[in-house]
Amino acid sequence: MASFFRARRVGFTAATVTVTLAGSYVALRDPYVSSNDRNGGGTALQTVQRKITDPAAVIPSRALHESSLIAANSSNPLDILVVGGGATGCGVALDAVTRGLRVGLVERDDFSSGTSSRSTKLIHGGVRYLEKAVFNLDYGQLKLVFHALEERKQVIDNAPHLCHALPCMTPCFSWFEAVYYWVGLKMYDLVAGKHLLHLSRYYSAQESTELFPTLARKGKDRSLKGTVVYYDGQMNDSRVNVGLACTAALAGASVLNHAEVISFIKEDGGERIIGARIRDNLSGTEFDSYAKVVVNAGGPFCDSVRNLADKDAKPMICPSSGVHIVLPDYYSPEGMGLIVPKTKDGRVVFMLPWLGRTVAGTTDSNTSITMLPEPHEDEIEFILDAICDYLNVKVRRTDVLSAWSGIRPLATDPRAKNTESISRDHIVCEDFPGLVTITGGKWTTYRGMAEDAVDAAIKSGKLKPTNGSLTSNIRLVGGDGWDPSYFTVLAQEYVRMKVSHTGKVVPGVMDAAAAKHLSHSYGTMAEKVAAIAQNENLGKRLAHGYPFLEAEVAYCARNEYCESATDFIARRSRLAFLDTDAAGRALPRVIQILAAEHHWDKERQKQELQSATKFLESFKSTKNAQFHDGKHT
């Protein structure tokens, strides 16, 4: 019988085991984590941390991961096979493998290729949910906020090089708004408790425009009275996702991107799912991989995975589209965001500094599920119109450097008779024996979602983990030992050796912009990237005005499972999201370096250029946009 529950964390008592460590880090080896502590205490945690932070550790190759999945046969199955390489799927893999389970993961495209790379980039508790909880006396909404605020701090602590606290300014155009937002955001601080980032505070109109120079003091029949500034988190979403995949791989999981589940394997004479038929989308080869439990973490596509088990499965996903645009940095100051909780049509609009540019959004509308969602021009116009009301700078369509759409998988209970059951929380269910589905939720709570999914998988497959969940104390690869001043080591100890257009190798300074970029993108692994730039003459920038270096392409190909040009420009670097046209200009050199790393022939290089160009066309920058009324020109 199907089992459904709104997910909450469940305690787990670990068994006491002793295992000998030997050999190198190879995917799918026997579990060797031990614990005698309820939450997987000292010994297990220290063992995992050593594996992840060992400077001699090498990320297992993609070929080795595939071999390990093939070796998982019916007599020696995986404990868990995860389908989906987004934030939740990679979180499940990391949680499970650090409990001492044998884990595999497959993703049909690239890690973070879907919703997880197209987020708002905020790590937030949910101010709106708190407002609903107070006015509707809804304890369920309040629990959502409590949990999200706890996880917000956890995400920042686990990936400090990729995440940070961001002050967000809320403009007040009446004294009632000033009091209302001040009280509400003080409640937000109170609910955060020990997980508080920084205290919120009120600023006068004069102070506000000093902090946010482009904020308009006067508008249509209104004047700015002041602002309330509160703090949430911000992240480089796809790099956190890739970090999860690489950390899981170092811990012993077998993670394979560009590999698609095409059918499920069921036990003879029964309905229980015991594995999957998988196609490697790079080579075209197909193979079977067996597992005691399959976890479906397909995000917006989780229904298509469920349909492989039962073509008549009732849909769980109510997809919602969120559109974002990227503008030049002068639209917002470097260290301050602007959030308007309620525009004239009731929607939330924000402008946030991100990687040297400004992200603005967002819309929230029904959409269809597609692999490459595209923003509509009217949605871009809506965002431009909305921010125009709050700025003293001319808002122009020609300033849009990139625009993208992401699909949020709002979850419904398949047994429900109406859509009122649509949840902002996540749902874990096992409506087919052996197939546990985790969906809904948001980026901020991925770790808790993964923990709940693994708990459900352990129950379904009667698995025997050696310890409880450890992920609340595991820093992602590159995060351990990192601090904000780390970039100075790169700036002082490395140079960027560049090949000029004449073929001559010339030295270039590792300037602060490049050093900070490497530090915040790769953490303590940045020295390896800097060493490639210095020793392999790959120190040139890939695009004018951006800090991305040629060395990053080689590093990501060797250490981060970067298998295509799109993988790099969209998920390893964020150039496609920051400036679509700059990404297009960088493509030939990116492909040239990847071809040397992966031994591509001319035909494959041509295919890569075509594929990446098509991908970039879905980002509606000024160059490929369709203009309508010419309002923002």
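Glycine 104 has serine 254 of strand 10 as its bridge partner. Strand 3 (residues 103-107) and strand 10 (residues 254-257) run parallel and are joined by four bridges; strands count as paired if DSSP finds at least two bridges between them. Helices (H or I, at least four residues) and strands (E, at least two) are DSSP runs, numbered from the N terminus.

This is a predicted model, in which local features need pLDDT of at least 70, side-chain atom pairs count only at pLDDT 80 or more, and totals for chains, interfaces and linings use all residues. Residues are numbered from 1 along each chain as its sequence is written, and side-chain values use heavy atoms, leaving out hydrogens and water.

In a regular strand, side chains alternate between the two faces of the sheet. In strand 10, Ser254 and Leu256 point one way, Val255 and Asn257 point the other way, and all are buried (under 20% relative accessible area; exposed is over 50% and partly exposed lies in between, with a 1.4 Å probe and protein chains only).

| Element | Residues | Buried residues |
|---|---|---|
| Strand 20 | 426-432 | seven of seven |
| Helix 3 | 87-97 | eleven of eleven |

Strand 20 runs antiparallel to strand 21 (residues 435-440), with five bridges between them. Cysteine 429 sits opposite threonine 437 of strand 21.

Because eleven of its eleven residues are buried, helix 3 is largely enclosed by the rest of the structure. Its buried residues pack against strand 2 (78-83), strand 3, helix 8 (237-251), strand 13 (286-296), strand 21 and helix 11 (446-461), contact meaning heavy atoms within 4.5 Å.

Where does arginine 99 lie? Arginine 99 is in the loop between helix 3 and strand 3, and it is buried, with a relative accessible area of 1%. Leaving aside neighbours within four places in sequence, arginine 99 has contacts including Glu451, Asp455 and Pro465. The C-alpha atoms of arginine 99 and proline 465 are separated by 5.4 Å, although these residues are 366 residues apart along the chain.

Finally, a helix pair. Helix 13 (residues 512-522) passes helix 15 (residues 550-559) at an angle of about 15 degrees, with axes 12 Å apart; axes are lines fitted to C-alpha atoms, for helices over the stretch in contact, and angles run from 0 to 180 degrees between N-to-C directions. The contact involves His517, Leu518 and Tyr522 of helix 13 and Glu552, Tyr555 and Cys556 of helix 15.
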